[in-house]
Amino acid sequence: MKLIYFAWVRERIGKPDEEVDVPASVRTVGDLVAWLQGRGEEYAYAFENAAVIRAAIDRNHVKPDTAIAGAREIAFFPPMTGG
Amino acid sequence: MIVRLQREDFDIGAEIARLSQGRTDVGAVASFTGICRGGDIAAMTLEHYPGMAEAEIERHVAEAETRWPLLGVTVIHRYGRLVPGDNIVLVATASQHREAAFAAAEFLMDYLKTRAPFWKKEERAGGDGWVEARQSDAAAAERWSGRRPEAAE
């Protein structure tokens, strides 16, 4: 699946997006965050305060307990500051 | 419904006029313009999530249309680098009467602030920094939860 990052999540990870093969044990958005945290320092830094990170699956806001099965595109970003 | 995301500036007067042009059923147009504020920032850059930002705004406009009897809605949000004095966002709503137009515009702005995927990075003398989300914005959006026009005071 494709992962996309925005704002300081993107800056900390150092790339705007990537394709990843996620192990079958990663079932929810929260699992995915935990898995990403173990992928290296930059990910650990981006997700160090996982509670503030927001996620969207296929361009819809989702909660950490949302299942990721069937997702094409999952985005991670800080709380929004538009308007 | 007009929802546009763009780098370019917009013409506030033309956008407001468009909502009542060629029709006689509109009795009220309310608008809000968000402007890049000066003070200690030199500029800001607005990042957005293309595709989701439009979709999210359209979802909220559709929600506003179920809550109030609206005759037209225009939302324009800019992205890219903006300097103090630049327009950032326009929300304009048309209805027969002012109550719906005012309330829908406020509802849309409250949701834009907290749910539309945009992020502001400010350029300051001490360095650049991402704007932090404000609890007061979250509270402003929260007050619309479950609230319907008929239940409003």
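1. Chain B has four helices and eight strands. Both kinds of element are DSSP runs, numbered from the N terminus: helices are H or I with at least four residues, strands are E with at least two. From the N terminus on, the order in chain B is β-α-β-β-α-β-β-β-α-β-β-α. The radius of gyration of chain B, taken over C-alpha atoms, is 16 Å, close to the 15 Å of the globule rule for 153 residues, so chain B is as compact as a globular protein of that length. That rule is 2.2 Å times the number of residues to the power 0.38.

2. This is a predicted model: local features need pLDDT of at least 70, side-chain atom pairs count only at pLDDT 80 or more, and totals for chains, interfaces and linings use all residues. Residues are numbered from 1 along each chain as its sequence is written, while chains are lettered from A and ligands numbered from 1 in the order in which they are written.

3. Now the meeting of the chains. 14 residues of chain A are in contact with 21 residues of chain B; contact means C-beta atoms, placed from the backbone, within 7 Å. On the chain A side, α1 (7-13) and β5 (73-77) each give two or more residues.

4. Chain A holds an open sheet of five strands, ordered β2-β1-β5-β3-β4, with mixed pairing. Strands pair if DSSP finds at least two bridges between them. β2 (17-19) and β4 (60-62) of chain A each have a single partner strand, so one side of each lacks a neighbour in the sheet.

5. One pair in detail: β3 (residues 54-57) and β4 of chain A run antiparallel, joined by three bridges. A:I57 stands opposite A:N60 in β4(A).

Notes:
Contact = placed C-beta atoms within 7 Å.
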